[in-house]
Amino acid sequence: MKRRVLIVDDDAAILEVLEMRLTAMGLDVTATTDSARAVEAVDQGRFDLALLDLRMEPMDGIKLMEALHARQPRLPVLIMTAHGTIETAVDAVQRGAFDYLTKPFVRDELRAKIRRALSARRWARDRERLLAVGETFASSGVMERILDSVAQAAVETTEAERSVVFQLVNGRLVPMASAGSPPPSWAALETAASQAIDKGAPVTVTGAESRVIVAAPLVVQRGPAGALVIETPARVEPTEDDLDLLALFSSQAAIAIRNTHELERLRSGALAALGRMATQVAHELKNPLAGLRLYARHLEQRLDDGGDAGSAELARKITSTVDHLAAVVSEITAFGRQPELRRTPTALAPLLDECVSLARARCPGEGIEVTCEYDPACPEIEIDARELRKAFLNLVLNGLEALEGRGRLSVATTWSAEAGVVTVAIDDTGPGMSDETLARVFDLFFTTKPEGTGLGMAIAKSVIDLHGGELSLQSAPGAGTRVRVRLPARAAAASAS
Ligand SMILES: Nc1ncnc2c1ncn2[C@@H]1O[C@H](COP(=O)(O)OP(=O)(O)OP(=O)(O)O)[C@@H](O)[C@H]1O
Ligand SMILES: [Mg+2]
């Protein structure tokens, strides 16, 4: 039987797109712009999932969610937000939403979150984690792209020669995005921008060669965040309409900037909360574990003395399991703070082989071909093998997981003696990544997999950075993924401290 999904959004265009996508996912979709209708629909029959827009009139998404929950208490709800603040989104989650989605939708994320909501229905998920998920929106790549499209749209609709979005950073105006031809004078544009900011309203000034410059301030809650500036040839007189359009675009850009600001704030808060939780858990576990270990050793000794070799062996197993637990606990405490690297000369080939066989065991598949090709000239390099194993294991796992049972994964090393650098290449013939996924791939908790945690790439990058190395990705939909890790053979003097 098809799963039933209810979508409510007062924007008919978005509704249509979502309805199409979800129908293509094999879901039975009921879509409406009217919240009263939505309530009626739930009165008439059970749904498996609801996607609700946050900002709606007369009933917003949260009120609607509460109305639906009064009728079907455990209905998983995904709240969709575009202009809403992240706080409201977090609030939504705390009031019973399963998760939230930001517009514009990233296709893979949309699909993963819907699958997750449908399959697991994990109702009471860890709220700290949900808070931290907000950080995935903070990726600056996304903001820059929005500002770029604002600049582009400003040029196209106003017949301007060029358009620049300035952002106010520490009291200085920084050009963040531009479209059209390069300006003859940045100074003139910047002056217009700061006039608009001072005035708090659009200004028109005359630029070089009697061009006309129009600047509109970008205003966010806390005050001006920058300005959108266009420059037109002298013969084009900007009309009222142009000014209105510019004001509209500048409000778009302001939203992008505001979201980024808020998320940065949230990011630090969420990470701190995660850190506190980790320390607390470790604190609770460490002492009893040490006690357990002591008792087990004691028991081992007694059984040895009594000549009961079989039971002594069992006691030894307890000790080693406890040791393992203690190691896990220290791993948890280490999360969030930078590990001290313990570098020793290490051969990469066996380390990579180990990662490949671990990953193969976790991700088998008859149709997968794995090839390893190591440069025999590659010397031992000074690395922390434990840390790098985590990084490579995740990179190889991601490659195998991407293949979904069919395709080729290749792992190779090359040694460049002049540069003193080893390059590890991990390539897969999987589906590759979209631009949106690529832009967020290193964000903590970003995942497109129903069972993923979204930690792998973030951890891999931080480990490789710590080694003074570089992690780069090349990927496009349909073209597979190439991962390159460049590692210096010797620890740099600075990173040894
Ligand atoms: N080789 C790859 N091919 C295609 N997509 C990839 C590849 N590597 C990473 N990704 C994308 O990047 C996302 C984040 O990867 P990351 O390793 O951080 O988390 P994850 O694999 O989803 O979860 P886990 O925490 O279990 O590793 C993945 O969900 C996937 O969408
Ligand atoms: Mg992963």
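Tutor: Contact means that heavy atoms lie within 4.5 Å. The model discussed here is predicted.

Student: Which residues does T423 touch, not counting residues up to four places away in sequence?

Tutor: T423 belongs to strand β15, which covers residues 421-428. Setting aside residues up to four places away in sequence, the residues that T423 touches are A412, T413, T414, R484, V485 and R486.

Student: Is T423 buried or exposed?

Tutor: The relative accessible area of T423 is 17%. Buried means under 20% relative accessible area. T423 falls under that cut-off, and it therefore counts as buried.

Student: Which element gives the most residues to the largest nonpolar core?

Tutor: The largest nonpolar core has 37 residues, and L348, L388, F392, L395, I426 and V485 touch the most other members. Elements that give two or more residues to this core include α11 (348-362), β14 (406-416), β15 and β17 (481-488). In soluble globular proteins, nonpolar side chains tend to be buried together. With 10 residues, the element that gives the most to this core is α12.

Student: With which residues is I426 in contact, leaving aside its neighbours within four places in sequence?

Tutor: I426 is one of the core members that touch the most other members. Neighbours within four places in sequence are left aside, and the contacts of I426 are then F392, L395, V396, L409, S410, V411, T481, R482, V483 and R484.

Student: How many disulfides does the structure hold?

Tutor: A disulfide is a covalent bond between the sulfur atoms of two cysteines. The number of disulfides in the structure is zero.

Student: What is the bridge partner of V203 in β9?

Tutor: Strand β8 spans residues 203-206 and strand β9 spans residues 212-220. The two pair in the antiparallel sense over four bridges. Five residues lie between the strands of this hairpin, and E209 takes a positive phi near 50°. For V203, the bridge partner in β9 is A215.

Student: Why does E404 count as exposed?

Tutor: E404 is placed in the loop between α12 and β14. Although E404 is not a glycine, its phi is positive, at about 45°. Exposed means over 50% relative accessible area. E404 counts as exposed because its relative accessible area is 71%.

Student: Which residues does a cis peptide bond join, with omega of about -5°?

Tutor: One of the two residues, P58, lies in the loop between β3 (49-53) and α3 (61-71). With omega of about -5°, the cis peptide bond joins E57 and P58.

Student: Which residue lies over the face of F47?

Tutor: A charge sits over a ring if NZ of Lys or CZ of Arg is within 6 Å of the ring centre and within 35 degrees of the ring normal. Over the face of F442 lies K461, at 5.7 Å from the ring centre. Over the face of F47, at 4.0 Å from the ring centre, lies R4.

Student: How much of the chain do buried residues make up?

Tutor: The chain has 15 helices and 17 strands. Among its contacts between residues at least 6 apart in sequence, 66% join residues at least 24 apart. Of the 497 residues in the chain, the buried share is 44%.

Terms used:
Residues are numbered from 1 along each chain as its sequence is written. Chains are lettered from A and ligands numbered from 1 in the order in which they are written. This is a predicted model: local features need pLDDT of at least 70, side-chain atom pairs count only at pLDDT 80 or more; totals for chains, interfaces and linings use all residues. Side-chain values use heavy atoms; hydrogens and water are left out. Two strands pair if DSSP finds at least two bridges between them. Buried means under 20% relative accessible area, exposed over 50%, partly exposed in between (1.4 Å probe, protein chains only). A nonpolar core is a set of buried Ala, Val, Leu, Ile, Met, Phe, Trp, Tyr and Cys residues joined through side-chain atoms within 4.5 Å. A disulfide is a pair of cysteine sulfur atoms within 2.5 Å.
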